[in-house]
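Hi,

Here is the structure I promised to pass on. Have a look at it first, and then read on for what turned up.

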Amino acid sequence: MHFEDNETLEAARARNIRDALQEDIGRCDWTAELVPADRRVQARVVAKEDGVLCGRDWFDGCMHGCDASIRIDWAVAEGARFAAGTELCRIDAPARALLSAERSSLNFLQMLSAVATVTREHVDAIEGLSPNPNGCVVLDTRKTLPGLRQAQKYAVRVGGGANQRMALWHGILIKENHIAAAGGITAALKAAQALDSGVSIQIEVENLAELEEALEAGATSVLIDDFSFDDMRAAVALNRGRALLEVSGGVDMTTIREIAATGVDRVSIGRLTKDVRAIDLSMRVLPAAREIAPGLVVRGFEPPLRLSDFRLIAFDMDSTLINIECIDEIADAVGRKAEVAAITAAAMRGEITDFKDSLRRRVALLAGVPVAALEAVWTERLRLNPGAEALVRACQAAGLKIVLVSGGFTFFTDRLRDLLQIDHTRSNLLEIDADGRLTGRVLDQDWGDICDGEEKRRTVLALCAQHGIDPRQAIAMGDGANDLPMMGAVGLSVAHHAKPAVRERAMVAIESGGLDRLLEVVRP
């Protein structure tokens, strides 16, 4: 039996989505019919345990398969780690379509995130342990859920692993019965090579003598089965890099570290895809936003809350804690404010999705600006936004850690840190030449290259972990699209005079007045 072609990931994903919706909805979702046809709602997907996100395209496909007008704003990137309590995405949708798509969408996201999470755990467990200069690669097997081969193997890659052969068409694996039927290891390998198939050839051996025979017969990939740890080390020594050595069978979190330490090239693990326990995610329709006072809107909870129930607050800097976009004002010194400000505005609205690229483009326009221009921005143009100091002092009095995470620059965050006694800051470092002028480049730091939305989120979660704080006890405040990832990772998200996309996602939106209006919602 054979088929006309080999299914691609894209074709498999489309089939998965179609099949899932057809089996769940059929001719009609009767329960969804209870909701008025013209009602539109917002919902959020929240993680109830830690994990690695995988399956966004399947989730989106199920949603859009029910209604193309559904809007999904993701706060966590594909392949990124998330903590329990993190908001993964926000959805704006016709109520009926959302309710019909909910289960299928979540099924894919939960299952694929589970595969990616378990894979990442195994990859992390052996990091740095192998004496092999190429390391030890974590592989899956063909033990996948029926119909979900491409999807699960994609999730393994997202989790940091690699794929063994995708399917029977993707490679030749000569096992014990093939060897017996072909007349031995050498005969089986020669027969496989004679096929001239263009696919990889791997042979399974059960002892060191069989390994030696396979290597002499020209094997380039060998599966060593049921070898002791001592025999694995002996196999590596015997092999001398001639073939890829792969261990399979009996691999779990208690054995994988010692296997990697033997120096083998690869370890394949069936449980990555066959023993799947879905990650616990929850989708909830949000109560409609309501204005509790002029210019103060809340969504998804009943105020007031108590400030003492929170332990950390993270601020964005530009246009949130302070009154300006620093990079725009620096650009004014060289007559390029309009050009830089246009890029800044598009990035904050979410129209430019690659913040790192947008920042590099803007910083490049600053080449030649003297450091004195930054000092002038600090002394002459930069001011705390109304209510900023009052809010910071109230949070400090309540014992909260104060964090400043910015896509701006250390020149300003360091000064604000000293001014307000901020506990932690993270921002970008501008390169300055020997003549005291900007080079137009951003320097790498020990944590990475550029503080974008994902780095803001990672920083807030890392600081929560460092101080023993549940992320649900944290507040994040911002105004632009770059702030959404950290806002989605904490217990209370606050938009301050924000762009519409941010305002619609926030649990608190301050649309008029100062930052200290938060204290009307979260009482000291």
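Predicted model: local features only at pLDDT ≥ 70, side-chain atom pairs only at ≥ 80, totals over all residues.

Aspartate 316 sits in the loop that runs between strand 16 (312-315) and helix 11 (317-321). Setting aside residues up to four places away in sequence, its contacts include Leu404, Ser406, Lys456, Asp479 and Asp483.

Why pick that one? The UniProt record, an unreviewed entry, places the feature "active site" at Asp316 and Asp318. So what about the other one, buried or exposed? Aspartate 318 is buried too, with a relative accessible area of 7%, and its place is in helix 11. Leaving out neighbours within four places in sequence, aspartate 318 touches Ile324, Glu325, Cys326, Ile327, Ser406 and Asp479. Ser406 and Asp479 are also on the contact list of aspartate 316.

Now for the overall picture. The protein has 524 residues, and 53% of them count as buried. You'll find 20 helices and 23 strands in it, and the C-alpha trace spans about 85 × 70 × 40 Å along its principal axes. Of the contacts with a separation of 6 or more, 68% are between residues 24 or more positions apart. The accessible surface is about 23000 Å², and carbon and sulfur atoms make up 50% of that. As for charges, there are 61 positive and 77 negative ones, and their mean positions lie 3 Å apart.

Last, the aromatic rings. A search of the whole structure gives three aromatic pairs. One of them is tryptophan 58 with tyrosine 154, a tilted pair at 5.3 Å centre to centre with 40° between the planes. Tryptophan 58 is in helix 2 (residues 56-66) and tyrosine 154 in helix 4 (residues 149-158), so this pair ties together parts that are 96 residues apart in sequence. Both of these residues are buried.

Another pair is phenylalanine 59 with tryptophan 74: the ring centres are 5.3 Å apart and the planes stand at 75°, so it is edge-to-face. Here the link is between helix 2 and strand 3 (residues 71-74), parts 15 residues apart in sequence. Phenylalanine 59 is buried at 0% relative accessibility, and tryptophan 74 is buried with a relative accessible area of 16%.

Cheers

Methods: Residues numbered from 1 in each chain as written. Heavy atoms only, no water. Helix = DSSP H or I, 4+ residues; strand = E, 2+ residues; numbered from the N terminus. Buried < 20%, exposed > 50% of the residue type's maximum accessible area, 1.4 Å probe, protein only. Contact = heavy atoms within 4.5 Å. Areas by Shrake-Rupley, 256 points an atom, 1.4 Å probe, with all protein chains shown as cover. Lys, Arg positive; Asp, Glu negative; His and termini not counted. Charge placed at Lys NZ, Arg CZ, Asp CG, Glu CD. UniProt positions renumbered as here; feature names shortened; annotations may be inferred. Phe/Tyr/Trp six-rings, centres within 6.5 Å; stacked < 30°, edge-to-face > 60°.
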